[in-house]
Amino acid sequence: MQTASMLDFLSTTVGADWRLATPLIFAATGEAICERAGVLNIGVEGIMLIGAFSGFATSHATGDLALGFGAGMAAGFLTALVFAVFAVTIKANQIVAGVAINLLGLGLTSFLFRTYFISTGRGVDIARPLNIPFLSDIPYLGPALFQQNLLVYATIPVVIAAWGVLFRTSYGLTIRAVGEHPKAVDVTGKSVALYRYSAVLIGGVLGGLGGAFLTLAHANQFVENITSGRGFIALSIVVFARWSPIGVFFVSLLFGLFYALQLQLQADPNVRVPYQALQALPYLTTIVALMLVRNRWDAPSMLGIPYWKA
Amino acid sequence: MKIDRRACLSALGAVAGAMALRPAVAADQFKMGLLVPGSVAEEGWNRIAYNALKHVEAELGAKVSYVELQQNPASFEKAFRDYAAQGYNVVLGHGFEFQDSALTVAENYPDTWFLISSSKVHKGKVIGLNTDSSQPFYLMGVIAGKMGKGAGFIGGLEIPPIKEALDGFANGVKATKADMPVRSVYLGNFQDVTAAKEAAVNMISRGADFVIPDADAAGIGVIQAVREAGPDVCTFGVFTDITSTAPDNILGTYLADYAQGVERIVAGIKNGSPLPASNVVFGLKDADVMKFTYNDKAKRAVPEDVRQYVDAVKAKIISGEIHTLGG
Amino acid sequence: MSDLPIRSSLDPAVRLLSRVGLAALAPIAAVLFALGVSALLLQLNGFHAADVVNVMILGAVSDKRSIAEVLLKATPLILIGVGLCVAFRCSIWNIGAEGQLYAGASAATACGVNFGALPAWLHIVLILVAGSVAGAAWGALAGLLRVYFRASEVVTTIMLNYIAIIFTSYLVTGPLKDPAASYPQSAKLARDLWLPRFLPPTRLHVGILIALAAAVAAYVFLFRSSAGYAVRVVGLNPSAAAYAGISVARNVLLAIAISGGLAGLAGAIEIAGVNYRLYQDISPGYGFEGIAVALLANNNPLAAVASGVLFAVLRSGSELMQISAQVPQVLVFVIQGLCILSVAAFGALRLRGPRPAG
């Protein structure tokens, strides 16, 4: 391939990669914080769907994009609240509660979508790409990196903020302690439950944001099950990234890369493998990567285990 | 505990009472049922069957009902049987996957007609209805070949209607401009709008200026990408009219008015007229079923000479001179 | 086991019945609660709430054929649910039952359309065995990744789901594609390879009997055998298990292989008993629904039978609901979700005291 078309290929790939990774980055960062506090929320898929639908519905009704994003985050917050009640207060099995949230998310969003939105065809005006002056004129990489919309750029400050909060604030320290030695936190008089609630809710807000991205900043409509399994991919990303927001950012990009690649390779007439092999690429590489990384059981010790006050 | 049981029993009792009070349906009204494999809420494949059903209801005064089976093959047979047992005259199974169950149920219900979409079956009262997607897509390919530099097709799953569409499209392009590249991607599902959009963005960046979706709900991602790429990139509306979503880019719409075709067949059943001797194929020859219209407001609206060329090609397809699936 | 005062002088049958009844109380109350909320949801959206119970539940069991259909749908749910009971008891979060089902279905089909020279009964057995082995291997793959690479099974089983489904798509558009037609499906299984039916004129086949047998076998394995005991200990406390000399790795692999094997068997039964051929969307999410089945049954294989039947009733009923009352099918997901939440809540509230075993 000539250098020009190779660079072209590269720049399209990078751009697509970042876009495809954005909802994953939001959702996985939120889930990482949640799991650091010891709560395993596998209902991320349901939360993302609810965020996607709420964002779309609100934007559709009000015409306001910012309100839509706000609604998506609020909906994620409320759903996470329900989950937190079951996981932290009632101390039900967290996997069970997460499965329920997923079912509810899919069912409710589909039900409401059909009842009130029977495919109008009309979508909402989505977030427009922002051109960063000068930088976006850099050949090839310019358009890829510097012509994305606000939400895509937002992934960077969000990830940095999450990392900062987790590792440079006392709140973050407590969150991590709650996930490793909740008893130690309890005896200092702080409420383990409250810290866990806050972590779950942050996860919900970010999950809702990730979902809203799909309908407000990428496609311009809601479609039933639009998340198509992204919530589960986010769960994998958290594990793979060893529960670190910075890790989440790069792992999501890795995943997005393979996802973008498989679409591109499918479209390339020179590539002769059955398209299913390409479709399977992102998942195969995740498994291979997990094998190479050889997790040293870095999971928060109390992940998934409810805490009973003595 | 006791309260639970009592409440439960009384609830059941109330319900049984409610059941008894339901009015009976007129026994000899013409009834048509529909089985769809997905959701009718989405624009696309399932929606056209739903429209067909509603059309039959309106035109023929039939009582209609539909079931969404969410890709649950174990349920197909039961659903057919339920309809047949309830005296439905015609049941439409929307997709070739319904063929097996229809044939099985037909053995027990010789008076019921079973219509199967995208199928070539013809056995007793089980008739396949096929909309030859390759034909309108061939025309789109011709237009792309005449006006464009690169073509792209984004499909959902590799099932016959979509594969035929792709083949028709590619053949149309090749027949018009033999060296024009045609790229294709299968998403693997019909909902991943994001993937559809990225696939289209990718194709556009590699020089495709005619990118067509055939992925039901996920197709809106393609339209989105085309719209964002500017008015020089073109596409077509497939199955339903969505010109308003991208008026500068949509050059035309292939409207599958399946409703007309289905209603015609069902009316024939209702009137007792003899049915076609083989399975039914709707093609461009059925002007009421397959409508291909142009959008004059598009920036690169199809010019008159191309339209005439397309008309000539269309005539050749109808007469059988051109085989859209090659060979 | 339970901390309730059951008189020991009572007839053992009555005692058993009371224990079962009490254990079932929470799930039953939970289900009723979920149905109630769903009825409310329907009413608020303009449908008749009475239709929920009427059509959905009663309609689904109104005659022999309906009951047969329910049992038909329950078969894969029970098999997968039972398998997941085993995995969950070992604290293996096998989210990959769907992929294991597809693996089993693919292997079963490959076996079914070849080896035509075998006597039918042997061929059928081979088909079911092939499915189980394929499912078990697919599950064991995730197990090996966990044991040797510390890879979380939550992640790997989800990935393997996608890979299995994609691979099936490849098989039906390629190597296994029916040469006689142009559809992406395999050839149809020969008539004598179909699982025997035993309740004409319904479609009910021996798969349900296999599922019931599997449930009993799993119960006996988990609660009446030392191997099953080891599995449960590993699930409750792996360090204690290791200290007691129980091999964590071996039990993890065993548990997930059993779970995968049953899911693969479910896939094989769907092929040999219902569809008679393989295509791309052979499962409407049985693998995920099976998780709900197991959880509702509190990971007890015998209870999983009831739980599986319940979910099958809901599914069957939802189709009837559409035919008669035009209520969207997605409501079933809402009901299932509410059921599980309620059960989780009721179940957790029961745990305030000493944890009941079994």
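This is a predicted model: local features need pLDDT of at least 70, side-chain atom pairs count only at pLDDT 80 or more; totals for chains, interfaces and linings use all residues.
What is the handedness of the crossing of H3(A) and H4(A)? Residues are numbered from 1 along each chain as its sequence is written, while chains are lettered from A and ligands numbered from 1 in the order in which they are written.

The crossing is right-handed, that is, the near helix is turned clockwise from the far one by less than a right angle. Helices here are DSSP runs of H or I with at least four residues, and strands are runs of E with at least two, numbered from the N terminus. The axes of H3(A), residues 65–89, and H4(A), residues 94–117, come within 9 Å and cross at roughly 155°. Axes are lines fitted to C-alpha atoms over the stretch in contact, with angles from 0 to 180 degrees between N-to-C directions. The two helices are therefore roughly antiparallel, a term for angles over 145 degrees.

H3(A) contributes Thr79(A), Phe83(A), Phe86(A) and Ala87(A) to the contact, and H4(A) contributes Gln94(A), Ala97(A) and Ile101(A). Contact requires C-beta atoms, placed from the backbone, within 7 Å.

I turn now to chain B. Chain B has ten helices and 13 strands. Of its 327 residues, 59% count as buried, with 20 or more other C-beta atoms within 10 Å of their own.

Between the chains, 31 residues of chain B are in contact with 30 of chain A. H7(B) gives the most to the chain B side, with ten residues.

Note on methods. Two residues are in contact if their C-beta atoms, placed from the backbone, lie within 7 Å. Angles under 35 degrees count as roughly parallel, over 145 as roughly antiparallel, 65 to 115 as roughly perpendicular and the rest as oblique. A residue is buried if 20 or more other C-beta atoms lie within 10 Å of its own, exposed if 12 or fewer, and partly exposed in between; C-beta atoms are placed from the backbone.
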